[in-house]
Amino acid sequence: MTAEPAVLASQSQEILNYFGRCPRCHYPARVYLVTTVFADGEHAVATLATCDLTCGWSGPAPLTTMTPVPRPKLPAPQRESIITARRVPLRPRR
């Protein structure tokens with residue numbers, strides 16, 4: 001029997017453009033993107049939905065959105081700062 005790796009961090013973020021429904025009462029549900037980082041360097045990402053009513057349902061859910069999910073932006077390439085690129089000499093003090 002192997003032990004599960006320890007959880008270092010866990011973060012949840014509500015997906016605001018989710019339009020799924022509870023499978024029990026068919027009332028609109030909320031969904032959260034849950035990211036978990038483990039001690040061995042692995043990470044897991046899951047979507048967890050909960051009912052907005054008090055029926056108590058929660059569980060994994062497919063991502064159902066009305067608007068397209070944007071692609072993650074790539075970081076901008078690093079540029080030289082304006083000061084180092086121009087190499088402007090300092091003015092002499094008066």
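Student: By the sulfur distance rule, how many disulfides does the count come to?
Tutor: This is a predicted model. A disulfide needs a pair of cysteine sulfur atoms within 2.5 Å. The sulfur of Cys25 has its closest cysteine sulfur in Cys51, 3.6 Å away, so this pair is too far for a bond. The count of disulfides comes to zero.

Student: Which cysteine holds the sulfur closest to that of Cys55?
Tutor: The distance from the sulfur of Cys55 to the closest cysteine sulfur is 3.6 Å.

Student: Is Cys25 buried, partly exposed or exposed?
Tutor: Buried means under 20% relative accessible area, and exposed means over 50%. Cys25 has a relative accessible area of 33%. Therefore Cys25 is partly exposed.

Student: What is the relative accessibility of Cys55?
Tutor: Cys55 counts as partly exposed. That class lies between the 20% and 50% cut-offs. The value for Cys55 is 29%.

Student: Where is His26 placed?
Tutor: His26 has a phi near 65 degrees, a positive value in a residue other than glycine. At 52% relative accessibility, His26 counts as exposed. Its place is in the loop between β1 (7–14) and β2 (29–38).

Student: Is Thr36 buried or exposed?
Tutor: Thr36 sits in strand β2. Its relative accessibility is 16%. Buried means under 20%, so Thr36 counts as buried.

Student: Which residues are in contact with Thr36, leaving aside its neighbours within four places in sequence?
Tutor: A contact here means heavy atoms within 4.5 Å. With those sequence neighbours left aside, the residues in contact with Thr36 are Val7, Ala9, Ser10, Glu42, His43 and Ala44.

Student: What pattern does the protein chain follow along the sequence?
Tutor: The protein chain has one helix and four strands. Read along the sequence, they give the pattern β-β-β-β-α.

Student: What share of the contacts with a separation of 6 or more joins residues 24 or more positions apart?
Tutor: Take the contacts in the protein chain with a separation of 6 or more. Within that set, residues 24 or more positions apart account for 42%.

Student: What percentage of the residues in the protein chain is buried?
Tutor: The accessible surface of the protein chain comes to about 8,700 Å², and 58% of this belongs to carbon and sulfur atoms. The protein chain has 94 residues. Buried residues make up 13%.

Notes:
Residues numbered from 1 in each chain as written. Predicted model: local features only at pLDDT ≥ 70, side-chain atom pairs only at ≥ 80, totals over all residues. Heavy atoms only, no water. Buried < 20%, exposed > 50% of the residue type's maximum accessible area, 1.4 Å probe, protein only. Helix = DSSP H or I, 4+ residues; strand = E, 2+ residues; numbered from the N terminus. Areas by Shrake-Rupley, 256 points an atom, 1.4 Å probe, with all protein chains shown as cover.
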